[in-house]
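Subject: A structure for you

Hello,

Here is the structure I promised to pass on. Please open it first, then read my notes below.

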Amino acid sequence: MPGLLRRIARTTVIAGTATAVNRVSRRQAGRWAQQDAEQAAPQPAYQAAPAPPAPAGKTSSRIAQLKDLGELKDQGVLGKSEFEAQKARILGSLTTMSHQFMDELGATVS
């Protein structure tokens, strides 16, 4: 009888260990699959908030915006493409303003 109990106890321990190992391996596989899915998912691209439009007629504020933009690029806060996009936006608003000014000037001279 002691041999039978010993064999039953040993079988129970082995079965319990196998069950626990299986449970752990399934849990780890689930975690690894979740991590793989998170890494495979495309990360949303960072988009810089657009700089507020400068008041019309304030060229010095646009120059200050360009200087600040350059400092942010030098510090590594803005990437090259973000810097170029914001610079084009600021310079584009300056060009638009100069065209409006020229149109107004042409209207008063005529």
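Is glutamate 84 buried, partly exposed or exposed? Glutamate 84 counts as partly exposed, because its relative accessibility is 33%. The cut-offs are these: buried means under 20% relative accessible area, exposed means over 50%, and partly exposed lies in between (1.4 Å probe, protein chains only).

Some ground rules. This is a predicted model, where local features need pLDDT of at least 70 and side-chain atom pairs count only at pLDDT 80 or more, while totals for chains, interfaces and linings use all residues. Residues are numbered from 1 along each chain as its sequence is written, and side-chain values use heavy atoms, with hydrogens and water left out.

Now the overall picture. The protein chain has three helices and zero strands. Helices (H or I, at least four residues) and strands (E, at least two) are DSSP runs, numbered from the N terminus. Along the sequence the pattern reads α-α-α. The chain has 110 residues, and 10% of them count as buried.

Next, confidence. pLDDT is the predictor's confidence in each residue, from 0 to 100. The chain's mean is 74, and 64% of its residues reach 70 or more. Among the elements, helix H2 (residues 59-75) has the highest mean, 85. H3 has the lowest, 71.

Back to glutamate 84. Its side chain meets that of lysine 87 in a salt bridge (3.5 Å, N to O). The term means a side-chain nitrogen of Lys or Arg within 4 Å of a carboxyl oxygen of Asp or Glu. Both residues lie in helix H3 (residues 80-109), three residues apart, about one turn of the helix. Lysine 87 also counts as partly exposed, because its relative accessibility is 27%. A search of the whole structure finds one salt bridge.

Helix H1 comes next. Leu4, Leu5 and Ile8 make a nonpolar surface patch of about 290 Å². Patches are made of residues with over 30% relative accessible area and no salt bridge; like charges are joined within 9 Å, nonpolar side chains within 5 Å. Leucine 5 lies in H1. Leucine 5 is exposed, because its relative accessible area is 55%.

There is a charged patch too. Arg23, Arg26, Arg27 and Arg31 gather in a surface patch of positive charge. Arginine 27 lies in helix H1 (residues 2-40). At 45% relative accessibility, arginine 27 counts as partly exposed.

Last, one more arginine. Arginine 62 lies in helix H2. Arginine 62 is buried, because its relative accessible area is 5%. Arginine 62 and leucine 91 are 29 residues apart in sequence and 8.0 Å apart in space, C-alpha to C-alpha.

Best wishes

Note on methods: Areas by Shrake-Rupley, 256 points an atom, 1.4 Å probe, with all protein chains shown as cover. Lys, Arg positive; Asp, Glu negative; His and termini not counted. Charge placed at Lys NZ, Arg CZ, Asp CG, Glu CD.
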